[in-house]
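Hello,

Here is the structure for your files.

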Amino acid sequence: MNKTHVKICCINSVQEAKIAIECGASALGLVGHMPSGPGIISDSLIAEIAIEIPKYIDTFLLTSETKVSEILKHHSKVNTTTIQIVDTLTEGTHRQLKNELPAVKIVQVLHILNEDTIDQALEISNNVDIILLDSGNPNLQTKELGGTGRVHNWEISKKIVEKVEIPVFLAGGLNPLNASKAINKVQPYGLDLCSGVRTNGKLDEVKLKAFFQAIKQ
């Protein structure tokens, strides 16, 4: 089995970033303004973390902007290696975003609500670098765009991984106890987690080490 990449999300300081990297993370999630969910930090802090960590670590800007022009503005403030779009684009296209930022990876989040997500993934996969499957619900009055701590239907995620030809990250309710099962079931390119390795909102080094130990077995 190929190595499973791990993105630790909701990083809120340079210190947390360094702890995550030391434990084995290959990517960090940095959460910009959101309508709900944990881990939101200022753009200035995102920029500080992005410039402080090693270049071989991917930094993901989580943006809730839905217009390409606004996403570009948001990214220009932080200069991360990757943009993670957590909602559906309402103006512009993924291709336009790629053309404007050819060196930046574009990630589209899809929230697993039903099997319709499979068709969405197939369509989007032609225009982005990575798909990330999560357990939010953008249809609620206050949108859930991540950080729910809930596991979704992995059967649907598995079908998406099998059908698309680009890397897929799996998110939603992952922790040291279910990480190995998630890998075996879904076979994703990577895992993305936040609350599963935190205690009282703080990154927990004991839980982090247990998580990485679990996925090595």
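Which handedness does the disulfide of Cys10 and Cys194 have, going by the torsion about its S-S bond? The torsion is about -120 degrees, so the disulfide is left-handed. Please keep in mind that this is a predicted model.

Cysteines

The count comes to 1 disulfide. Cys10 and Cys194 are the two partners, with an S to S distance of 2.4 Å. This bond ties together distant parts of the chain, the two residues being 184 residues apart. Cys10 sits in the loop between β1 (5-8) and α1 (14-23), while Cys194 sits in the loop between β8 (190-193) and β9 (198-199). Both Cys10 and Cys194 are buried.

Cys23 takes part in no disulfide either. The nearest cysteine sulfur to that of Cys23 belongs to Cys194 and is 15 Å away. With a relative accessibility of 15%, Cys23 also counts as buried, because the term applies under 20%.

Aromatic pairs

There are 3 aromatic pairs in the structure; I describe two of them here.

One is Phe60 with Phe169: the ring centres are 6.1 Å apart and the planes stand at 75 degrees, so this pair is edge-to-face. Phe60 belongs to strand β3 (residues 58-63) and Phe169 to strand β7 (residues 168-171). They are 109 residues apart, and the pair links distant parts of the chain. Phe60 and Phe169 are both buried, with Phe169 at 3% relative accessibility.

Another is Phe169 with Tyr189, with ring centres 5.6 Å apart and planes at 70 degrees, so that pair is edge-to-face as well. The cut-off for this class is an angle over 60 degrees. Is Tyr189 buried or partly exposed? Its relative accessible area is 36%, so Tyr189 is partly exposed.

Taken together, ring pairs join Phe60, Phe169 and Tyr189 into a cluster.

Regards

Terms used:
Residues are numbered from 1 along each chain as its sequence is written. This is a predicted model: local features need pLDDT of at least 70, side-chain atom pairs count only at pLDDT 80 or more; totals for chains, interfaces and linings use all residues. Side-chain values use heavy atoms; hydrogens and water are left out. A disulfide is a pair of cysteine sulfur atoms within 2.5 Å. Helices (H or I, at least four residues) and strands (E, at least two) are DSSP runs, numbered from the N terminus. Buried means under 20% relative accessible area, exposed over 50%, partly exposed in between (1.4 Å probe, protein chains only). Rings of Phe, Tyr and Trp (its six-membered ring) pair if their centres lie within 6.5 Å; planes under 30 degrees apart count as stacked, over 60 as edge-to-face and the rest as tilted.
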